[in-house]
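Welcome, and please take a moment to look over the sequence and the model shown below. A short tour follows.

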Amino acid sequence: MTRRIFNRLVWGLVTLGCIYVITFLMVVSAPGNPFAAAERNMPPEVVRALEARYSMDNQAAYFFQFLAGAVRFDFGPSFQYKDWTCSQIIARALPVSLTLGLVAMLIAVLVGVPVGVLSAVRRNSWFDLTSLGFILIGISLPAFVTGSALLIVFAIYLKVLPIGGWGRISQLVLPALTLSLPFMAYIARLTRVGMLDVLGSDFVRTAVAKGLDRRAVIWRHAFRVAFLPVLSYLGPAAAQAMTGSFVVEKVFNVPGLGIHFVDAALNLDRGLIMSCVLAYSAILILFNIIVDLLYAQVDPRIKEAA
Amino acid sequence: MIGAPATSRRAGDRRPERPSSRSWRRFRANRLAGAGTVFVLVATLIAIFALPFSLSWFDVQNATTAVRHAPAVGRVVDQAPYAEAQGSNTPGSWFTWAGPAVYRVASWWGHDNLGRSVLFRCLLGFLVSLVIGLGAAVMSVTIGVLWGAVAALAGGRVDAVMMRIVDVLFGLPYILMVILLKIALEGPLIRLFAGRTQLANVVLLAVAIGAVSWLTMARVIRGQVLSLREQPFIEAARAIGAGRLRILFLHLLPNLVGPIAVYATLVVPQAVLQESFLSFLGIGVQQPVPSLGRLAADGVQAVNTFVGYWWLITFPCLLLVLTLLALNFIGDGLRDAFDPKSRTTLLV
């Protein structure tokens, strides 16, 4: 087991290295100069001094310089935020995105699973059809539309929740809810399909025939089996929720990493782009490793195969 | 959906049904997929027939309708800017006889705060979104099928390296890749299209989104080819001396049509949605070119500042939702038709 974890971690580091190379090549080959865009008509000496400050004059040296810093979690200065280093920006913004993603996943599971079970148990009832409608909307409306709709209803008309920002729990509700919607929809539909499958199986019929309590059959017998596909979806979904909250962060003005990355990409802030990509990728890789190891614990068949 | 009755087949017909016609029969029995297909076809036809008008009018600003731009049924709105536009852009008879009527219909849908017609922007935006989605699908199918098939056929070390590359790319957050690709490819593509930046930008979006959505495709195709490779008919083909390329294109690809069709159809709505996110973040299609995502994002901003301009958000969003649902239904229908055992459909 320890050996497996070690192997996975080493492979994760190799992957991270490859991602660094790819990102570096892309960023370096991007046209344009971050200084030319921001302040025009600078004297050539100033431009040269700035380029030296941010190691723009020698790409190969920059490659190794950034790498050497990144190993020590020191990602160098940001072009755009002059008073901040990239490490400081990430240290402030990453926990925000992580919290948002985790709370969103929590909401998605807490709502999605019961909805899925109920709509499977009461198949074709009004509840099933209504939840289906919401699921379809959750899957096909972009987050900025659902987010703005929630904002208008709860923050502008009802005035029960703040418009945006970060720090208080009330400010977390709307962004987390918006971010959770597509995941909630998918979890509900996975649960529903799984439950319908299990409810038709022999052991459930036997349990009902024995005269067991209906609720016990649904939750203790059927649900345990039906939950497995949902469980395997949760890992990638959580990683996706934590690294894919750009749009939601922008709608609700949440100071997460997504906003910084998009700004960095638009401003060609090389150091910040690469540190954001590395931070995001590290999370994705770490999550994949954790999830794989957890599966091996949950499902003995996988453990044997490995 | 599953096990639909074989109405099209006469009793007593003992020939085994061809797999392709069996899939087609299952697909036709799926009502939602049918409705999706009809919606996409009808909307595309309308958008294409409206193309002469929408292309010359989508960017025409109008001072009168910029002030009073609510949807107006039966109200006569200032037509002067449109007359000017038709004179300067397309001096065709098409505009002289159909123009006023088409324009009146368009004003029922309202105008945006620059006085531009919402209907024409929606119709053009629908086509732009669809083109981006289809382009991304073509792109991801081409790369994914070739990558997966070559990896599976080559086997050994080549296979290992190719699939490790896919693993690495899976470790990159999806939208980051699109943004980075966009930055990296922008210059070369604009040069390629000789300075037609708007067209280059649309192509760029399709390429960037397509270039990141081929990973799943490559994995699926590799798995399929690996299992097909061991089947007797491939062995037979090899035995009579067929080359690798001949086996790939004549024997393997026809058997991969099912998964390819399913994944390609599901890439289209994904790409449309991704494009809308990019447009919202300001890196999608560039003004004044509309796409459904761009229009929805603009509408959201307009509604946030002046609550009450509901038509700026309702019409684009409605079209976006219907399009995405229709495309998803088609994809799910195809999956049911080609692979009845799969369990992740929208509806059971």
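The phi of A:N253 is near 55 degrees, a positive value in a residue that is not glycine. Most residues other than glycine have a negative phi. A second residue to look up is A:N124, found in the loop between helix 5 and helix 6 of chain A. Its phi is near 65 degrees, again positive in a residue other than glycine.

Are these two residues buried or exposed? A:N124 has 9 C-beta neighbours inside 10 Å and so counts as exposed. A:N253 has 13 such neighbours inside 10 Å, so it counts as partly exposed.

How confident is the prediction for chain A? The average pLDDT of chain A is 82, and 92% of its residues score at least 70. Among the elements of this chain, helix 5 (residues 86-121) has the highest mean pLDDT, 90, while helix 14 (residues 300-305) has the lowest, 54. Where pLDDT is low, the predicted coordinates should not be read in detail.

Now for the place where the chains meet. Here, 35 residues of chain A are in contact with 35 residues of chain B. On the chain A side, several helices each supply at least two residues, including helix 6 (126-140), helix 8 (170-199) and helix 13 (270-298). Helix 1 of chain A gives the most, with six residues. Sorted by class, the side of chain A that touches chain B has 25 nonpolar, eight polar and two charged residues.

Turning to chain B, you will find 15 helices and zero strands. Of its 348 residues, 43% are buried. Among the contacts in chain B with a separation of 6 or more, 74% are between residues 24 or more positions apart.

The table sets out their geometry.

| Helix pair | Axes | Angle |
|---|---|---|
| Helix 1 of chain A and helix 9 (residues 174-192) of chain B | within 8 Å | roughly 40 degrees |
| Helix 13 (residues 244-281) of chain B and helix 15 (residues 310-338) of chain B | 8 Å apart | about 160 degrees |

Angles over 145 degrees count as roughly antiparallel, so helix 13 and helix 15 of chain B are roughly antiparallel to each other. Their crossing is left-handed. Residues of this contact include B:A261, B:L266 and B:V272 of helix 13 and B:L324, B:L327 and B:F338 of helix 15. By class, the residues of the contact divide into 13 nonpolar, six polar and one charged.

Within this pair, B:L266 of helix 13 of chain B is buried, because 21 other C-beta atoms lie within 10 Å. B:L266 and B:L327 are 61 residues apart in sequence, yet 7.2 Å apart in space from C-alpha to C-alpha.

The pair that spans the chains, helix 1 of chain A and helix 9 of chain B, is oblique. This crossing is also left-handed. A:T23, A:M26 and A:S29 of helix 1 of chain A make the contact with B:L180, B:I183 and B:A184 of helix 9 of chain B. That contact has four nonpolar, two polar and no charged residues.

Key
Residues numbered from 1 in each chain as written. Chains lettered and ligands numbered in written order. Predicted model: local features only at pLDDT ≥ 70, side-chain atom pairs only at ≥ 80, totals over all residues. Contact = placed C-beta atoms within 7 Å. Helix = DSSP H or I, 4+ residues; strand = E, 2+ residues; numbered from the N terminus. Nonpolar A, V, L, I, M, F, W, Y, C, P; charged D, E, K, R; others polar. Buried ≥ 20, exposed ≤ 12 C-beta atoms within 10 Å, placed from the backbone. Axes fitted to C-alpha atoms, helices over the stretch in contact; angles between N-to-C directions. Parallel < 35°, antiparallel > 145°, perpendicular 65-115°, else oblique. Left-handed = near helix turned anticlockwise from the far one by under 90°. pLDDT = per-residue confidence, 0-100.
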